[in-house]
Amino acid sequence: MAFALNLYPVTYIARYNPETEKWDEEWLESDKVTYDELMAMSEADRKAVLDKRNQMGLPSVSYTSQYAYSCFEGMKGFPTKDGGVAIFRPEENGKRFNNSMKGLYCPAFPVDQYVKASVEFVKRNAALGYVPKYNPDWEKTDYADADSIYMRPFMNSEGAIGVGCSKQPYVVICATTVSAYFKKGLDGAVITNRIRATPHGTGYIKCASNYVISALAKKEAEQAGFVECVYLDAVHHKYFQEGSSCNIFFVLKDKTIVTPELGDTILPGITRKSVIALAKEKGYKVEERPVSVKEVQKKAVECFVTGTAAGISPMSSITDLNGKKTVFGEGFGPVAKELQHELKGRQYGSLEDPNHWNTVVIPGNK
Ligand code: PMP
């Protein structure tokens with residue numbers, strides 16, 4: 001199973017204090033079990049440790065548990081070639097998190113505090129051995145199976161009942177090890193007739209409630225043998241929106257790269273933003289605009305989805321609502337491959353980082 005929960009021992013919790021209008025910070029260290037010790041444990045002992053780490057003392061009955069009133073981030077830390085550790089564009093995640101909280105009408109967590117806490121979070125966990133070691137073999141496959149730290153900051157409301165907006169939220173940062181995002185053995189994307197986000201809704205923020213539809217549509221796609229589902233727009237049912245939890249790109253025959261433009265129904269992905277910047281640096285023409293199913297069926301030669309967890313993942317085909325399959329071919333197409341090489345190379349430090357996207361947490365020594 002992709003994406004298992006193997007929580008790190010140190011968790012950050014901040015609580016909004018309406019009187020001081022500040023966030024009171026706390027570090028929870030559930031145990032001092034190092035990564036190597038955890039790995040050496042029997043399965044039952046390991047499970048007991050991991051279950052304890054998941055007890056964060058958050059209220060059971062809350063706007064979050066009752067109404068999916070919550071928002072979260074997904075952010076990665078990478079072991080770099082020089083022996084250090086860096087977080088990729090944390091200020092971008094911090095801004096999106098802040099925006100999600102504003103969208104939920106609750107006190108918003110400051111961006112600088114988000115970045116500072118994230119850096120300290122990685123350091124504290126690294127001190128217990130929770131930091132992947134750089135392996136030069138990863139370079140051969142452009143880091144296809146490389147390790148990273150998956151950080152999951154989230155907001156949780158205070159204890160409450162009755163529909164309402166949080167006044168005293170918690171912000172938690174936790175992390176887990178990650179493995180491949182997409183299930184092996186499944187293939188291609190399928191357009192779903194479910195609607196992820198509607199105009200004037202919450203599709204532009206990363207709030208928890210958006211993901212219920214994604215869970216359903218993804219399950220349906222997987223049951224039908226597809227690896228991913230893709231949404232169309234809520235109004236015309238003609239234009240691509242995004243994948244279950246990733247943005248979508250197409251390469252047209254003339255090498256133009258197209259991706260749906262942002263609006264109130266699409267999550268502004270940080271990988272999306274980075275891929276657009278990299279593609280432009282490489283000289284590609286990139287268009288952010290409505291992309292119809294018809295256009296893709298006629299003109300697209302590559303399709304890939306992007307996300308923190310998904311990276312750049314090629315889709316071998318897209319099947320429309322009538323069962324018509326457009327085949328792009330197995331594995332990475334040339335454009336996706338070039339972008340993947342550049343993105344991963346910068347994240348893992350085997351390439352220069354001219355835009356200063358990496359925030360160094362632990363400096364390397366080479
Ligand atoms: N769309 C949705 C709905 C997502 O959940 C994600 C993952 N955060 C993305 C797009 C990709 O965003 P990012 O590149 O910032 O991970």
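The model is predicted, so local features need pLDDT of at least 70 and side-chain atom pairs count only at pLDDT 80 or more, while totals for chains, interfaces and linings use all residues. Residues are numbered from 1 along each chain as its sequence is written, and side-chain values use heavy atoms, without hydrogens or water.

Let us start with the sheet. Seven strands form an open, antiparallel sheet in the order β2-β1-β6-β5-β3-β4-β17; strands are DSSP runs of E with at least two residues, numbered from the N terminus, and two strands pair if DSSP finds at least two bridges between them. Three bridges join β3 and β4 in the antiparallel sense, and Gly-77 has Ile-87 of β4 as its bridge partner.

The loop between β3 (75–79) and β4 (85–88) holds Thr-80. With a relative accessibility of 8%, Thr-80 counts as buried (under 20% relative accessible area, 1.4 Å probe, protein chains only). Beyond four places in sequence, its contacts (heavy atoms within 4.5 Å) include Val-85, Tyr-134 and Tyr-348.

On the scale of domains, an automatic or database assignment gives domain 1 (3–178) and domain 2 (189–347). Contacts link 23 residues of domain 1 with 22 residues of domain 2. Two salt bridges cross this interface (a side-chain nitrogen of Lys or Arg within 4 Å of a carboxyl oxygen of Asp or Glu). Lys-337 and Asp-142 also form a side-chain salt bridge, at 3.2 Å from N to O.

Note on methods. Helix = DSSP H or I, 4+ residues; strand = E, 2+ residues; numbered from the N terminus. Buried < 20%, exposed > 50% of the residue type's maximum accessible area, 1.4 Å probe, protein only.
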